[in-house]
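Hi everyone, thanks for coming.

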Amino acid sequence: MPTPLAPLAPLAKEAAAPPPAGPPLRIVPARRTGQRAAAGAMIVLLALGLVSVVRNEAFQWDVVARYFTSASVLRGLGLTLWLTALVMVLGFALGTLLAVFRLSANPVLRAVSWGYVWFFRSTPILVQLLFWFNIGMLYPRILGVSTVNLLGPVAVAVIGLTLHEAAYAAEVVRGGILSVDRGQIEAAESLGLGRWRRLSRIVLSQAMRAIVPPAGNMLIGTLKGTSIVSVIAVQDLLYSTQLVYHRTYEVVPLLLVATLWYVAVTSVLSVGQYYVERHYARGTAGAR
(Lines give C-alpha, C1' and ligand atoms only; values in the text may rest on other atoms or scores of the structure.)
Protein backbone atom coordinates (compact mmCIF):
# COMPACT_ATOMS: atom_id res chain seq x y z
CA MET A 1 0.00 0.00 0.00
CA PRO A 2 1.65 3.42 -1.04
CA THR A 3 2.89 5.75 1.67
CA PRO A 4 0.73 8.88 1.92
CA LEU A 5 2.45 12.16 0.92
CA ALA A 6 3.30 14.62 3.68
CA PRO A 7 1.33 17.89 3.66
CA LEU A 8 3.07 20.64 1.68
CA ALA A 9 2.21 23.55 4.01
CA PRO A 10 4.42 22.43 6.96
CA LEU A 11 7.32 21.81 4.56
CA ALA A 12 6.96 25.30 3.07
CA LYS A 13 6.96 26.87 6.53
CA GLU A 14 10.11 24.98 7.45
CA ALA A 15 11.83 26.11 4.22
CA ALA A 16 10.85 29.75 4.80
CA ALA A 17 11.94 29.81 8.43
CA PRO A 18 15.11 31.94 8.99
CA PRO A 19 18.26 30.16 10.09
CA PRO A 20 19.02 30.24 13.76
CA ALA A 21 20.71 33.47 14.82
CA GLY A 22 24.41 33.06 15.47
CA PRO A 23 27.04 35.39 16.91
CA PRO A 24 27.36 38.75 15.05
CA LEU A 25 29.97 38.89 12.30
CA ARG A 26 33.16 40.66 13.33
CA ILE A 27 34.51 43.17 10.82
CA VAL A 28 38.24 42.82 10.50
CA PRO A 29 39.94 45.96 9.16
CA ALA A 30 42.34 45.47 6.28
CA ARG A 31 45.95 45.37 7.28
CA ARG A 32 47.95 48.18 5.68
CA THR A 33 51.32 47.38 7.15
CA GLY A 34 53.25 48.55 4.08
CA GLN A 35 51.44 51.90 3.89
CA ARG A 36 51.96 52.59 7.58
CA ALA A 37 55.61 51.64 7.41
CA ALA A 38 56.15 53.89 4.38
CA ALA A 39 54.33 56.79 6.08
CA GLY A 40 56.38 56.34 9.25
CA ALA A 41 59.64 56.24 7.29
CA MET A 42 58.64 59.39 5.39
CA ILE A 43 57.84 61.24 8.61
CA VAL A 44 61.18 60.23 10.10
CA LEU A 45 63.08 61.36 6.99
CA LEU A 46 61.24 64.70 6.90
CA ALA A 47 61.93 65.26 10.60
CA LEU A 48 65.62 64.46 10.14
CA GLY A 49 65.83 66.81 7.15
CA LEU A 50 64.11 69.61 9.05
CA VAL A 51 66.37 69.17 12.07
CA SER A 52 69.46 69.18 9.87
CA VAL A 53 68.38 72.41 8.19
CA VAL A 54 67.51 74.15 11.45
CA ARG A 55 70.63 73.05 13.34
CA ASN A 56 73.10 73.50 10.49
CA GLU A 57 75.07 76.65 11.30
CA ALA A 58 76.08 77.07 7.65
CA PHE A 59 72.57 78.33 6.86
CA GLN A 60 73.20 81.32 9.19
CA TRP A 61 69.61 81.78 10.29
CA ASP A 62 70.53 84.86 12.30
CA VAL A 63 71.60 86.56 9.07
CA VAL A 64 68.38 85.41 7.39
CA ALA A 65 66.34 86.98 10.20
CA ARG A 66 68.33 90.22 9.98
CA TYR A 67 67.81 90.72 6.25
CA PHE A 68 64.35 89.16 5.85
CA THR A 69 62.52 92.46 6.42
CA SER A 70 65.33 94.84 5.47
CA ALA A 71 64.39 97.90 3.42
CA SER A 72 66.24 96.82 0.27
CA VAL A 73 64.67 93.35 0.28
CA LEU A 74 61.18 94.74 0.82
CA ARG A 75 61.68 97.22 -2.05
CA GLY A 76 62.72 94.35 -4.29
CA LEU A 77 59.71 92.33 -3.16
CA GLY A 78 57.41 95.25 -3.93
CA LEU A 79 58.83 95.58 -7.44
CA THR A 80 58.45 91.84 -8.00
CA LEU A 81 54.79 91.91 -6.96
CA TRP A 82 54.10 95.02 -9.07
CA LEU A 83 55.82 93.51 -12.09
CA THR A 84 53.93 90.23 -11.70
CA ALA A 85 50.53 91.94 -11.45
CA LEU A 86 51.16 94.26 -14.39
CA VAL A 87 52.51 91.50 -16.64
CA MET A 88 49.57 89.19 -15.86
CA VAL A 89 46.97 91.90 -16.57
CA LEU A 90 48.59 93.04 -19.81
CA GLY A 91 49.48 89.49 -20.85
CA PHE A 92 45.94 88.16 -20.42
CA ALA A 93 44.44 91.21 -22.12
CA LEU A 94 46.63 90.64 -25.17
CA GLY A 95 46.25 86.86 -24.89
CA THR A 96 42.45 87.09 -24.89
CA LEU A 97 42.58 89.19 -28.05
CA LEU A 98 44.90 86.67 -29.67
CA ALA A 99 42.61 83.79 -28.66
CA VAL A 100 39.64 85.54 -30.26
CA PHE A 101 41.71 86.07 -33.42
CA ARG A 102 42.68 82.39 -33.43
CA LEU A 103 39.00 81.37 -33.34
CA SER A 104 37.96 83.97 -35.91
CA ALA A 105 36.60 83.08 -39.33
CA ASN A 106 39.10 85.53 -40.86
CA PRO A 107 42.12 83.53 -42.11
CA VAL A 108 44.46 86.53 -41.79
CA LEU A 109 43.64 87.01 -38.09
CA ARG A 110 44.01 83.28 -37.48
CA ALA A 111 47.41 83.25 -39.18
CA VAL A 112 48.65 86.30 -37.26
CA SER A 113 47.56 84.81 -33.93
CA TRP A 114 49.09 81.43 -34.72
CA GLY A 115 52.36 83.04 -35.84
CA TYR A 116 52.58 85.16 -32.68
CA VAL A 117 52.01 82.20 -30.39
CA TRP A 118 54.44 80.05 -32.36
CA PHE A 119 57.23 82.63 -32.30
CA PHE A 120 57.06 83.73 -28.67
CA ARG A 121 56.68 80.18 -27.37
CA SER A 122 59.66 79.08 -29.46
CA THR A 123 62.18 81.61 -28.12
CA PRO A 124 63.53 81.63 -24.54
CA ILE A 125 62.39 84.50 -22.37
CA LEU A 126 66.01 85.42 -21.61
CA VAL A 127 66.72 85.88 -25.32
CA GLN A 128 63.62 88.07 -25.66
CA LEU A 129 64.67 90.27 -22.74
CA LEU A 130 68.19 90.71 -24.11
CA PHE A 131 66.77 91.53 -27.53
CA TRP A 132 64.57 94.30 -26.15
CA PHE A 133 67.38 95.52 -23.92
CA ASN A 134 69.56 96.02 -27.00
CA ILE A 135 66.84 97.30 -29.33
CA GLY A 136 68.75 100.59 -29.69
CA MET A 137 71.59 98.75 -31.46
CA LEU A 138 69.20 97.34 -34.08
CA TYR A 139 66.89 100.32 -34.55
CA PRO A 140 68.59 103.50 -33.35
CA ARG A 141 65.61 105.58 -34.44
CA ILE A 142 61.95 104.61 -34.88
CA LEU A 143 59.60 107.21 -36.38
CA GLY A 144 62.22 109.85 -35.72
CA VAL A 145 62.53 108.97 -32.02
CA SER A 146 65.85 107.80 -30.62
CA THR A 147 65.60 104.37 -29.01
CA VAL A 148 69.07 104.29 -27.45
CA ASN A 149 67.92 105.47 -24.03
CA LEU A 150 64.19 105.19 -24.61
CA LEU A 151 63.63 101.91 -22.77
CA GLY A 152 64.95 101.50 -19.25
CA PRO A 153 65.45 98.11 -17.57
CA VAL A 154 61.98 98.12 -15.97
CA ALA A 155 60.25 99.02 -19.25
CA VAL A 156 62.21 96.29 -21.02
CA ALA A 157 61.14 93.79 -18.35
CA VAL A 158 57.46 94.75 -18.71
CA ILE A 159 57.52 94.54 -22.50
CA GLY A 160 59.48 91.29 -22.68
CA LEU A 161 57.52 89.45 -19.99
CA THR A 162 54.15 90.70 -21.30
CA LEU A 163 54.78 89.57 -24.88
CA HIS A 164 56.03 86.22 -23.60
CA GLU A 165 53.10 85.63 -21.23
CA ALA A 166 50.54 86.70 -23.85
CA ALA A 167 51.48 83.74 -26.04
CA TYR A 168 50.72 81.27 -23.26
CA ALA A 169 47.66 83.18 -22.08
CA ALA A 170 46.24 83.00 -25.60
CA GLU A 171 46.33 79.20 -25.53
CA VAL A 172 44.82 79.10 -22.03
CA VAL A 173 41.94 81.35 -23.04
CA ARG A 174 41.42 79.52 -26.33
CA GLY A 175 41.22 76.19 -24.51
CA GLY A 176 38.68 77.65 -22.08
CA ILE A 177 36.53 79.00 -24.90
CA LEU A 178 36.60 75.65 -26.71
CA SER A 179 35.44 73.93 -23.52
CA VAL A 180 32.09 75.76 -23.64
CA ASP A 181 29.33 73.65 -25.14
CA ARG A 182 28.38 74.69 -28.65
CA GLY A 183 24.72 74.65 -27.67
CA GLN A 184 25.29 77.57 -25.30
CA ILE A 185 26.61 79.71 -28.15
CA GLU A 186 23.75 78.69 -30.43
CA ALA A 187 21.24 79.58 -27.71
CA ALA A 188 22.83 83.02 -27.35
CA GLU A 189 22.68 83.50 -31.12
CA SER A 190 18.99 82.59 -31.12
CA LEU A 191 18.39 85.37 -28.58
CA GLY A 192 19.93 87.87 -30.97
CA LEU A 193 23.02 88.63 -28.87
CA GLY A 194 25.91 90.19 -30.75
CA ARG A 195 29.32 88.52 -31.05
CA TRP A 196 31.02 90.52 -28.30
CA ARG A 197 28.06 90.18 -25.93
CA ARG A 198 28.03 86.43 -26.52
CA LEU A 199 31.74 86.32 -25.79
CA SER A 200 31.61 88.41 -22.61
CA ARG A 201 28.26 87.33 -21.15
CA ILE A 202 27.97 83.69 -22.18
CA VAL A 203 31.26 82.20 -23.34
CA LEU A 204 33.90 83.69 -21.01
CA SER A 205 31.73 83.36 -17.90
CA GLN A 206 31.50 79.60 -18.49
CA ALA A 207 35.04 79.25 -19.82
CA MET A 208 36.45 80.61 -16.55
CA ARG A 209 36.08 77.15 -14.97
CA ALA A 210 38.67 75.87 -17.45
CA ILE A 211 40.75 79.05 -17.54
CA VAL A 212 41.32 79.66 -13.83
CA PRO A 213 43.46 76.57 -12.94
CA PRO A 214 46.09 77.07 -15.67
CA ALA A 215 45.90 80.85 -15.19
CA GLY A 216 46.72 80.34 -11.51
CA ASN A 217 49.72 78.25 -12.47
CA MET A 218 50.79 80.96 -14.91
CA LEU A 219 50.52 83.58 -12.16
CA ILE A 220 52.78 81.61 -9.85
CA GLY A 221 55.15 80.86 -12.71
CA THR A 222 55.28 84.54 -13.64
CA LEU A 223 56.04 85.51 -10.05
CA LYS A 224 59.02 83.18 -9.98
CA GLY A 225 59.95 83.96 -13.58
CA THR A 226 60.39 87.64 -12.81
CA SER A 227 63.67 86.68 -11.14
CA ILE A 228 65.17 86.44 -14.63
CA VAL A 229 64.97 90.22 -15.03
CA SER A 230 67.91 90.46 -12.64
CA VAL A 231 70.16 89.84 -15.67
CA ILE A 232 69.21 93.30 -17.00
CA ALA A 233 69.76 94.97 -13.60
CA VAL A 234 66.10 95.29 -12.59
CA GLN A 235 66.15 95.48 -8.79
CA ASP A 236 63.57 92.81 -8.09
CA LEU A 237 63.63 90.52 -5.06
CA LEU A 238 66.45 88.31 -6.30
CA TYR A 239 68.60 91.19 -7.55
CA SER A 240 68.17 93.01 -4.24
CA THR A 241 69.52 90.02 -2.32
CA GLN A 242 72.35 89.65 -4.83
CA LEU A 243 73.41 93.24 -4.20
CA VAL A 244 73.66 92.45 -0.50
CA TYR A 245 75.64 89.22 -0.74
CA HIS A 246 78.01 90.72 -3.31
CA ARG A 247 78.93 93.16 -0.56
CA THR A 248 78.86 90.84 2.47
CA TYR A 249 79.67 87.49 0.79
CA GLU A 250 76.83 85.86 2.77
CA VAL A 251 75.47 84.06 -0.26
CA VAL A 252 73.49 81.21 1.29
CA PRO A 253 71.49 83.18 3.88
CA LEU A 254 70.60 85.89 1.35
CA LEU A 255 69.41 83.26 -1.13
CA LEU A 256 67.34 81.78 1.70
CA VAL A 257 65.76 85.21 2.26
CA ALA A 258 64.64 85.34 -1.39
CA THR A 259 63.49 81.70 -1.28
CA LEU A 260 61.38 82.20 1.84
CA TRP A 261 59.69 85.26 0.36
CA TYR A 262 58.91 83.39 -2.88
CA VAL A 263 57.48 80.48 -0.89
CA ALA A 264 55.35 82.80 1.25
CA VAL A 265 53.89 84.72 -1.69
CA THR A 266 53.23 81.64 -3.82
CA SER A 267 51.48 80.00 -0.86
CA VAL A 268 49.16 83.00 -0.53
CA LEU A 269 48.47 82.92 -4.27
CA SER A 270 47.71 79.19 -4.11
CA VAL A 271 45.12 79.79 -1.39
CA GLY A 272 43.55 82.56 -3.47
CA GLN A 273 43.50 80.30 -6.53
CA TYR A 274 41.63 77.64 -4.54
CA TYR A 275 38.83 80.03 -3.60
CA VAL A 276 38.58 81.48 -7.12
CA GLU A 277 38.31 77.97 -8.56
CA ARG A 278 35.62 77.10 -6.03
CA HIS A 279 33.70 80.26 -6.96
CA TYR A 280 33.59 79.43 -10.66
CA ALA A 281 32.89 75.73 -9.98
CA ARG A 282 29.60 76.48 -8.21
CA GLY A 283 26.77 74.32 -9.47
CA THR A 284 29.10 71.80 -11.11
CA ALA A 285 30.59 68.48 -10.14
CA GLY A 286 33.90 70.26 -9.47
CA ALA A 287 32.49 72.37 -6.66
CA ARG A 288 34.05 71.61 -3.29
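This is a predicted model: local features need pLDDT of at least 70, side-chain atom pairs count only at pLDDT 80 or more; totals for chains, interfaces and linings use all residues.

Let's begin with a crossing: helix 6 passes helix 8 in a right-handed way.

Residues are numbered from 1 along each chain as its sequence is written, and side-chain values use heavy atoms, with hydrogens and water left out.

Back to our pair. Helix 6 covers residues 125-133 and helix 8 covers residues 153-178; they pack at an angle of about 135°, with axes 9 Å apart. That angle makes helix 6 oblique to helix 8. For these values, axes are lines fitted to C-alpha atoms, for helices over the stretch in contact, and angles run from 0 to 180 degrees between N-to-C directions. Under 35 degrees counts as roughly parallel, over 145 as roughly antiparallel, 65 to 115 as roughly perpendicular, and the rest as oblique.

Which residues of helix 6 and helix 8 meet? From helix 6 come I125, Q128, L129, W132 and F133, and from helix 8 come P153, V156, A157, I159, G160, L161, L163 and H164. Contact means heavy atoms within 4.5 Å. By class, this contact of helix 6 with helix 8 has ten nonpolar, three polar and no charged residues. Nonpolar covers Ala, Val, Leu, Ile, Met, Phe, Trp, Tyr, Cys and Pro; charged covers Asp, Glu, Lys and Arg; the others, Gly among them, are polar.

Let's zoom in on G160, which sits in helix 8. Is G160 buried or exposed? G160 is buried, because its relative accessible area is 0%. The cut-offs are under 20% relative accessible area for buried, over 50% for exposed, and partly exposed in between, using a 1.4 Å probe and protein chains only. Leaving out residues up to four places away in sequence, G160 touches I125, Q128, L129 and W132.

Helix 8 has another partner for us to look at. Helix 4 packs with helix 8 at an angle of about 45°, their axes 6 Å apart, and so helix 4 is oblique to helix 8. This crossing of helix 4 and helix 8 is right-handed, and the residues of the contact divide into 19 nonpolar, four polar and four charged.

L90 lies in helix 4 and counts as partly exposed because its relative accessibility is 37%. Not counting residues up to four places away in sequence, L90 touches V158 and T162. L90 and I159 are 69 residues apart in sequence, yet 9.4 Å apart in space, C-alpha to C-alpha. T84 is also found in helix 4, which spans residues 71-102.

Now for the loops. Most residues other than glycine have a negative phi. Q60, however, has a positive phi near 55°; Q60 lies in the loop between helix 2 (33-55) and helix 3 (61-67). A233 has a positive phi near 65°, and its place is in the loop between helix 10 (195-225) and helix 11 (237-248).

Finally, let's step back. The protein chain has twelve helices and two strands, and buried residues make up 31% of its 288 residues. The unreviewed UniProt entry places the feature "transmembrane region" at residues 37-55, 76-101, 113-135, 142-163, 218-239 and 251-276; such positions use the numbering used here, feature names are shortened, and annotations may be inferred rather than shown by experiment. Over residues 76-101 the chain is 100% helix, with end C-alpha atoms 37 Å apart. Residues 251-276 are 100% helix too, with end C-alpha atoms 38 Å apart.

Notes: Helices (H or I, at least four residues) and strands (E, at least two) are DSSP runs, numbered from the N terminus. A crossing is left-handed if the near helix is turned anticlockwise from the far one by less than a right angle, and right-handed if clockwise.
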